Amino acid sequence: AIALYTEALCEEKSETFYGNRAAWYMQLGKYKEAVDDCREALRMKPDYTKVIKRLVQGLIALDEISDAKTCLEQAVQLDEANKAQLVDEIKKVKNLDETQEAIDKAIERKNWSSALYFTTEKLRTCPGSTKLKLDQLEFMMEGGQTENAAKVSQEYFNDMNTNPRYLYLRGMILVNEGRLEQGRKFFAQALKNDPDFLKCQKALK
């Protein structure tokens, strides 16, 4: 279906085609692509309520909560009736704010098991967030769950193997397992991608 809508968009730029392709991207977990298509559709038709809802859902999935709030506010300003159609998304944003508060408090107390619990909960609603996935990995390590961290880091490898923070964390896992040389290779790759990554610079010393 995505290929068909892409082909159709080559022939005609249509908010309907963009909106429908965004729906398929959402189903496939390609949230960034879905958000981009929603924005294109709304550029053509700002009051396209179904796509506004889809855009907010995509932003929530990416944990871009500030943008989701802005979008919700604009939608309600556009038409007060939109509030009833977006009630689930408004509730989700409120719950996510509360969950983030719990994560921040847990980090402040260095309660890594609690930070991990709430981050994992947040990921259920924001499955497209790379930052949350890496936070989850880091909290596992801080809490001494090296085995779980190793397993999760392997699951993330294909999607994140150029991300400097991921490479650093994967390196730390290997070092904790006693695989120093392999760990250092990950640190070196992280620094290649981000030469100013201070944690990596220290880890290589």
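Not counting residues up to four places away in sequence, R21 touches I2, Y5, T6, L9 and D37, where contact means heavy atoms within 4.5 Å. The model is predicted, so local features need pLDDT of at least 70 and side-chain atom pairs count only at pLDDT 80 or more, while totals for chains, interfaces and linings use all residues. Residues are numbered from 1 along each chain as its sequence is written, and side-chain values use heavy atoms, with hydrogens and water left out.

R21 lies in helix α2, residues 15-27; helices (H or I, at least four residues) and strands (E, at least two) are DSSP runs, numbered from the N terminus. R21 counts as buried because its relative accessibility is 11%. Buried means under 20% relative accessible area, exposed over 50% and partly exposed in between, with a 1.4 Å probe and protein chains only. The side chain of R21 also makes a polar contact with the side chain of T6, at 2.9 Å. A polar contact is a pair of N or O atoms within 3.5 Å; within protein, one must be able to donate a hydrogen and the other to accept it, and residues adjacent in sequence count only if both atoms are side-chain atoms.

The rest of α2 gives R21 its setting. The helix has 13 residues and reaches 19 Å from its first C-alpha to its last, close to the 18 Å expected at 1.5 Å a residue; the expected span is 1.5 Å times one less than the number of residues. Its buried residues are Y18, G19, R21, A22, A23, Y25 and M26, and what covers them includes α1 (2-11), α3 (31-44) and α4. At the N-terminal end, S14 caps α2, with a side-chain oxygen 3.1 Å from the backbone nitrogen of T16. Just after α2, G29 takes a positive phi of about 75°.

The whole protein has 13 helices and zero strands. Along its principal axes the C-alpha trace spans about 55 × 40 × 25 Å. Of the 205 residues, 41% are buried. Among contacts between residues at least 6 apart in sequence, 46% join residues at least 24 apart. The protein exposes about 11900 Å², and carbon and sulfur atoms supply 48% of it; accessible areas come from the Shrake-Rupley method with a 1.4 Å probe, and for residues only the protein chains shown count as cover.

Helix α7 (residues 87-109) has 23 residues and reaches 34 Å from its first C-alpha to its last, close to the 33 Å expected at 1.5 Å a residue. Buried in α7 are E89, V93, L96, T99, A102, I103 and A106. An α-helix has 3.6 residues a turn, so residues three or four places apart point the same way. The buried residues of α7 pack against α4 (49-61), α5 (65-78), α6 (82-85), α8 (112-125) and α9 (130-142).

Two loops contain a backbone feature to check. Most residues other than glycine have a negative phi. K110 has a positive phi of about 60° although it is not a glycine, and its place is in the loop between α7 and α8. K110 is exposed because its relative accessible area is 60%. D63, also not a glycine, has a positive phi of about 65° and sits in the loop between α4 and α5. D63 counts as buried because its relative accessibility is 18%.

M160 counts as buried because its relative accessibility is 5%. Leaving aside neighbours within four places in sequence, M160 is in contact with T130, K133, L134 and Y166. The C-alpha atoms of M160 and L134, 26 residues apart along the chain, are separated by 9.6 Å.

A search of the whole structure finds five aromatic pairs. Y117 and F118 form an edge-to-face pair, 5.1 Å centre to centre and with 75° between the planes. Rings of Phe, Tyr and Trp (its six-membered ring) pair if their centres lie within 6.5 Å; planes under 30 degrees apart count as stacked, over 60 as edge-to-face and the rest as tilted. F118 counts as partly exposed because its relative accessibility is 27%. Ring pairs also link Y168, F187 and F197 into a cluster. K45 lies over the face of Y48, at 4.9 Å from the ring centre; a charge sits over a ring if NZ of Lys or CZ of Arg is within 6 Å of the ring centre and within 35 degrees of the ring normal.
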